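I opened a notebook page for this chain and kept the entries in the sequence in which I looked things up. The coordinates come first.

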Amino acid sequence: MSKPWRATVSHAVGWLADRPVPRAARAPLYRAYARATGADLSESRPPLDGYPNLSAFFVRRLVDGARTWPSAPDVFPSPADGRLQNQGIVDQGSLLQAKGQSYRVGELIGDIAEPGELDSARAWTVYLSPRDYHRVHCPLTAKLAAAAWQGGDRFSVAPRELSNRPRVFVQNERVALRMESERGPYFLVLVGALNVGRLRVVGLEPLARQTSRKNPVFQRGEELGRFELGSTVVVVWPGGPHCPEPLLGLVEGAALKMGEPLARFPTRGPSSGKNRHGPDE
């Protein structure tokens with residue numbers, strides 16, 4: 001399928017998802033969707049017939065208490081529901097996308113990373129399937145310092161597809177966010193996919209590089225952005241003494257809920273443990 005066809009299909013799916021659904025048909029339709037994908041409707045804010053179309057249902061919010069955030073300051077939690085597709089270290093500028101396929105992480109992030117900043121960085125890739133909660137939340141209190149929007153294709157990002165098609169993450173439409181925290185900068189990259197034609201960041205107009213929020217600081221757990229259907233979030237943290245380390249026992253393919261531990265900060269250093277202070281406490 002050529003790029004124009006993928007874009008056409010994605011726009012068509014978006015158009016259909018925006019069409020009003022008769023109230024009487026809403027609950028049966030969304031229950032059928034949940035059965036087909038495995039989505040957990042018990043976590044969705046009721047009533048089901050309150051979602052006017054499929055687009056609204058795709059970005060449904062969770063009931064209060066459905067997710068919790070860690071109180072321990074040394075935990076770096078997942079920004080989204082999904083599966084841990086990959087975790088690793090940037091090696092000579094490249095990062096593994098899937099088995100045998102890699103891409104240049106600088107190309108993924110764009111010009112909001114400083115020269116040499118990504119050397120020996122760590123990265124975690126979380127894949128969101130159609131069953132998952134589709135909003136992305138801030139994993140660690142930070143200022144949204146800059147954004148880099150990059151147009152592109154809309155290849156599928158399903159894990160089974162990534163082993164066959166190289167460099168999907170740097171070919172697809174995406175937005176990279178530079179977050180500046182007390183522990184240092186980190187990056188969140190929201191990658192679009194087939195049937196995902198709209199990436200949204202709170203307080204940030206599409207294609208804008210700076211947020212319109214008067215105080216662009218997002219607290220841990222605060223909603224940061226969203227996209228529809230399934231897609232991918234890549235977390236990149238520059239190497240250094242405050243870079244979080246992989247969790248023992250968390251393996252690739254593991255299911256994650258937003259707020260669950262993804263990595264852990266080193267216990268050494270002035271920004272760790274009891275010496276740490278700031279808005280995250």
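**Entry 1: ground rules.** I am working with a predicted model, in which local features need pLDDT of at least 70, side-chain atom pairs count only at pLDDT 80 or more, and totals for chains, interfaces and linings use all residues. Residues are numbered from 1 along each chain as its sequence is written, and side-chain values use heavy atoms, with hydrogens and water left out.

**Entry 2: overall make-up.** I counted six helices and 16 strands in the chain. Both are DSSP runs numbered from the N terminus, helices being H or I with at least four residues and strands E with at least two. Of the 281 residues, 52% are buried. Here buried means under 20% relative accessible area, exposed over 50%, and partly exposed in between, with a 1.4 Å probe and protein chains only. I then looked at contacts, meaning heavy atoms within 4.5 Å. Among those between residues at least 6 apart in sequence, 75% join residues at least 24 apart.

**Entry 3: nonpolar cores.** I took a nonpolar core as a set of buried Ala, Val, Leu, Ile, Met, Phe, Trp, Tyr and Cys residues joined through side-chain atoms within 4.5 Å. The largest one has 36 residues, and Phe76, Val175, Leu177, Met179, Tyr186, Val233 and Trp237 have the most contacts inside it. Strands that each supply at least two of its residues include β5 (122-128), β8 (174-181), β9 (184-191) and β13 (231-237). The top contributor is β7, with four residues. A second, separate core has 29 residues, among them Leu108, Ala146, Phe169 and Val236.

**Entry 4: Leu177.** What does Leu177 contact, leaving aside its neighbours within four places in sequence? I listed Ile112, Leu144, Ala146, Ala147, Tyr186, Phe187, Leu188, Leu190, Val201, Leu204 and Leu224.

**Entry 5: Thr125.** I looked up Thr125 in strand β5. Thr125 counts as buried, at 1% relative accessibility. Not counting residues up to four places away in sequence, Thr125 touches Arg83, Leu84, Gln85, Asn86, Phe169, Thr232, Val233 and Val234.

**Entry 6: aromatic pairs.** Rings of Phe, Tyr and Trp (its six-membered ring) pair if their centres lie within 6.5 Å; planes under 30 degrees apart count as stacked, over 60 as edge-to-face and the rest as tilted. My search of the whole structure gave eleven aromatic pairs. Tyr30 and Phe57 are stacked, at 4.4 Å centre to centre and 5° between the planes. Tyr30 is in helix α2 (residues 23-37) and Phe57 in helix α3 (residues 54-58), so this pair links parts of the chain 27 residues apart. Tyr30 is buried at 0% relative accessibility, and Phe57 is likewise buried, with a relative accessible area of 0%. The pair of Tyr186 and Trp237 is stacked too, because the ring centres are 5.1 Å apart and the planes are at 5°. Tyr186 lies in strand β9 and Trp237 in strand β13, so the pair ties together parts 51 residues apart in sequence. I also noted a cluster in which ring pairs link Tyr30, Tyr33, Tyr51, Phe57 and Phe58.

**Entry 7: Trp237.** Is Trp237 buried or exposed? Trp237 is buried, with a relative accessible area of 3%. The C-alpha atoms of Trp237 and Glu117 are separated by 9.2 Å, and the two residues are 120 residues apart along the chain.

**Entry 8: largest pocket.** On a 1 Å grid over the protein atoms alone, a pocket is an open set of points where a 1.4 Å probe fits, with protein on both sides within 12 Å along at least five of seven lines; lining residues have an atom within 4 Å of a point. The largest pocket holds about 270 Å³ of space, a volume being the space filled by probe spheres set on the points, which are joined across faces, edges and corners. Its lining has 18 residues, and Asp81, Arg131, Asp132, Tyr133 and Lys257 are the closest to the centre. By class, I found five nonpolar, four polar and nine charged residues in the lining. Ala, Val, Leu, Ile, Met, Phe, Trp, Tyr, Cys and Pro count as nonpolar, Asp, Glu, Lys and Arg as charged, and the others, Gly among them, as polar.

**Entry 9: backbone.** A cis peptide bond joins Pro46 and Pro47, with omega about 0°; Pro47 is in the loop between α2 and α3. Ser120 is not a glycine but has a positive phi of about 60°. Leu207 has a positive phi near 75° and counts as exposed, at 67% relative accessibility.
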